[in-house]
Amino acid sequence: MTTSVGLSFPGTVTFDAWERAGHQISRVVNSSAWYLGDWLVFGQDKYANRYSRAVEEVGLDYQTLRNYAWIARRFEYSRRREGLSFQHHAEVASMASDEQDHWLDLAERHGWSRNRLRREVRESRAEERPEDRALLPRVSVAVVDVQRWRQAATEARVDFEEWVIAALNVAVDLPLSATL
């Protein structure tokens with residue numbers, strides 16, 4: 001039996017039924033990030049004040065919802081991999097489409113976990129030539145903002161530096177007035 005606060009099982013549930021329930025719950029959890037992202041993307045095109053309304057409606061953190069929408073936007077439906085989690089897609093979302101597909105193909109082919117995909121991507125980037133990378137200037141930021149950003153990265157289960165890069169990439173796609 002399901003309620004808004006939990007799930008209860010009768011004592012007669014078999015191991016197979018219990019295991020199937022776990023798989024179904026896992027699919028729902030993974031799919032819900034896509035659902036929310038697609039919902040927000042649709043709202044962006046159709047309605048004003050989408051994020052503030054979404055935050056109120058869904059009760060999730062603003063940045064979490066914004067990440068969902070950004071990832072959904074980066075992967076049109078036909079490019080999403082059913083065999084990989086939303087978090088797999090999040091790991092490569094900041095890359096160009098062909099690079100995303102390359103890494104998702106590898107993760108799918110080799111059955112990599114999200115953490116393994118992250119490791120493989122990091123190792124490949126460590127091998128890049130120095131001229132392929134650029135250092136940003138130092139920026140003085142209020143401690144409270146950095147704490148909020150770190151919290152958002154933690155909630156998104158993304159490395160802080162990767163989260164900052166992804167957030168900057170999201171900002172590029174928005175008019176400046178929408179981000180201020």
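Modeller: A residue is called buried when its relative accessible area is under 20%, exposed when that value is over 50%, and partly exposed in between, using a 1.4 Å probe and protein chains only. This is a predicted model, in which local features need pLDDT of at least 70, side-chain atom pairs count only at pLDDT 80 or more, and totals for chains, interfaces and linings use all residues. Residues are numbered from 1 along each chain as its sequence is written, and side-chain values use heavy atoms, with hydrogens and water left out.

Biologist: What percentage of the 180 residues in the chain do buried residues make up?

Modeller: Buried residues make up 31% of the 180.

Biologist: How many helices and strands does the chain have?

Modeller: Helices (H or I, at least four residues) and strands (E, at least two) are DSSP runs, numbered from the N terminus. Here there are nine helices and two strands, and from the N terminus on their order is β-β-α-α-α-α-α-α-α-α-α. The C-alpha trace of the chain spans about 60 × 40 × 35 Å along its principal axes.

Biologist: What span should the 13 residues of helix H3 have?

Modeller: The expected span of a helix is 1.5 Å times one less than its number of residues. For H3 (residues 62-74) this gives 18 Å, and the end C-alpha atoms are 18 Å apart, which agrees. Helix H7 (residues 143-155) also has 13 residues, and its reach of 18 Å from first C-alpha to last is close to the 18 Å expected. After H7 comes Arg157, with a positive phi near 55°.

Biologist: Why is H3 described as largely enclosed by the rest of the structure?

Modeller: Ten of its 13 residues are buried, so H3 is largely enclosed by the rest of the structure. Among these buried residues are Leu65, Tyr68, Trp70 and Ile71. At the start of H3, a side-chain oxygen of Asp61 comes to within 3.1 Å of the backbone nitrogen of Gln63.

Biologist: How far apart in space are Glu19 and Leu65, C-alpha to C-alpha?

Modeller: Glu19 and Leu65 are 30 Å apart in space and 46 residues apart in sequence. For Ile71 and Lys46, 25 residues apart along the chain, the C-alpha atoms are separated by 19 Å.

Methods:
Polar contact = N/O pair within 3.5 Å; in protein donor to acceptor, adjacent residues only side chain to side chain.
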